[in-house]
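Subject: Structure for you to look at

Hello,

I am handing over the structure we talked about. Please open it alongside this message, and then read the notes below.

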Amino acid sequence: MGIENISNNKVFDGWHKQYSHHSAKLNCQMRFAIYLPPQASSSNRVPVMYWLSGLTCSDENFMQKAGALRIAALLGIAIVAPDTSPRGEGVADDRQQAYDLGLGAGFYVNATQTPWDKHYQMYDYVADELPKLIEKHFPVNAQRVISGHSMGGHGALVIALRNPTLYQSVSAFSPICNPINCAWGKKAFTAYLGADQAAWRLYDASELMAAATAKIPAMVDQGSHDDFLEGQLKPNTLLLAAKENHYPLIFNMAEGYDHSYYFISTFIEQHLRFHAQHLGLLKQLD
């Protein structure tokens, strides 16, 4: 579980760093970014927010565009941003080089179909391998929250809903809420998981929320002027599931906002404070 440091930048008295490592789950070299707030030290391990990015993104988008590091430094929360798919020579990609399948589009599932199954095990990587790596090498504790955007919002919700004991809370911006019924999801799930739609439901946040018995606090922000709102994201299916199952979901429809990082940067402080509340950090600041 060795790691190699790639870059270091001091920011808000903490450190943003990039690392590469060999992933046993993904069978390739991977890169992740971590922000360590100034409170983090060997004698003061801090909680972690895992951030999952969307289609075509990498570890860099959120760290550079979201404006999250100032408030993370204030609250004392580390942020870990993995890549969105396996990468490198020999890793399968879409033959037409489509943006919504293959490199940059791992959809946070464990692929079962050839040729994807050799590398595309993003669910196991995010839920298991990466946190163990982070907790071994950095001054963080076992308290975790998870968040993400679009495809990453889908991933965050799915991973939290399937592993409610591992996370104190979950949030998402513009998540793909019902991938078994949208074009992005159908394309990715058919390729990665095959034709059996029973396997698809294990990666559908609306299906999982409707069936959840163990429940953790959840928050979703969605822009009203998002071009993908009705065709791909389908938040109403998640709202219906939460209502019918009495799931503790806070849903905010943000008037006029779109799918971009302008939207995320506007509301990221509320998301970090939401997580800080459920990590018990706000009491420490009072």
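**What was found**

Tyr108 is buried, with a relative accessibility of 0%. Please keep in mind that this is a predicted model. Tyr108 lies in the loop between β5 and α3, and its phi is positive, about 55°, although the residue is not a glycine. As background, most residues other than glycine have a negative phi, and most peptide bonds are trans.

The loop between β5 (78-82) and α3 (122-137) also holds Pro115. The peptide bond that joins Thr114 and Pro115 is cis, with omega at about 0°.

A positive phi is also found at Asn27, again in a residue other than glycine, with a value near 60°. Asn27 sits in the loop between β2 (14-23) and β3 (28-36).

Next, helix α5, which runs over residues 183-193. Which of its residues are buried? They are Trp184, Gly185, Ala188, Phe189, Ala191, Tyr192 and Leu193. These residues cover an arc of only 165° around the axis, so they lie on the same side of α5. As for what they pack against, the partners of the buried residues of α5 are α4 (151-162), α6 (197-200) and α8 (229-233). Just after α5 comes Gly194, which has a positive phi of about 90°.

Last, the cysteines. How many disulfides does a search of the whole structure find? The number is 0. For reference, a disulfide is a covalent bond between the sulfur atoms of two cysteines. Cys57 is in no disulfide, and the cysteine sulfur nearest to it, that of Cys182, is 17 Å away. A pair would count as a disulfide with the sulfur atoms within 2.5 Å. Cys57 counts as buried, at 8% relative accessibility.

Cys182 is in no disulfide either; for this residue the nearest cysteine sulfur is that of Cys177, 9.5 Å away. Cys182 also counts as buried, with a relative accessibility of 3%.

Regards

How values were computed
Residues are numbered from 1 along each chain as its sequence is written. This is a predicted model: local features need pLDDT of at least 70, side-chain atom pairs count only at pLDDT 80 or more; totals for chains, interfaces and linings use all residues. Side-chain values use heavy atoms; hydrogens and water are left out. Buried means under 20% relative accessible area, exposed over 50%, partly exposed in between (1.4 Å probe, protein chains only). Helices (H or I, at least four residues) and strands (E, at least two) are DSSP runs, numbered from the N terminus. The arc is that of the directions from the helix axis to the C-beta atoms. Contact means heavy atoms within 4.5 Å.
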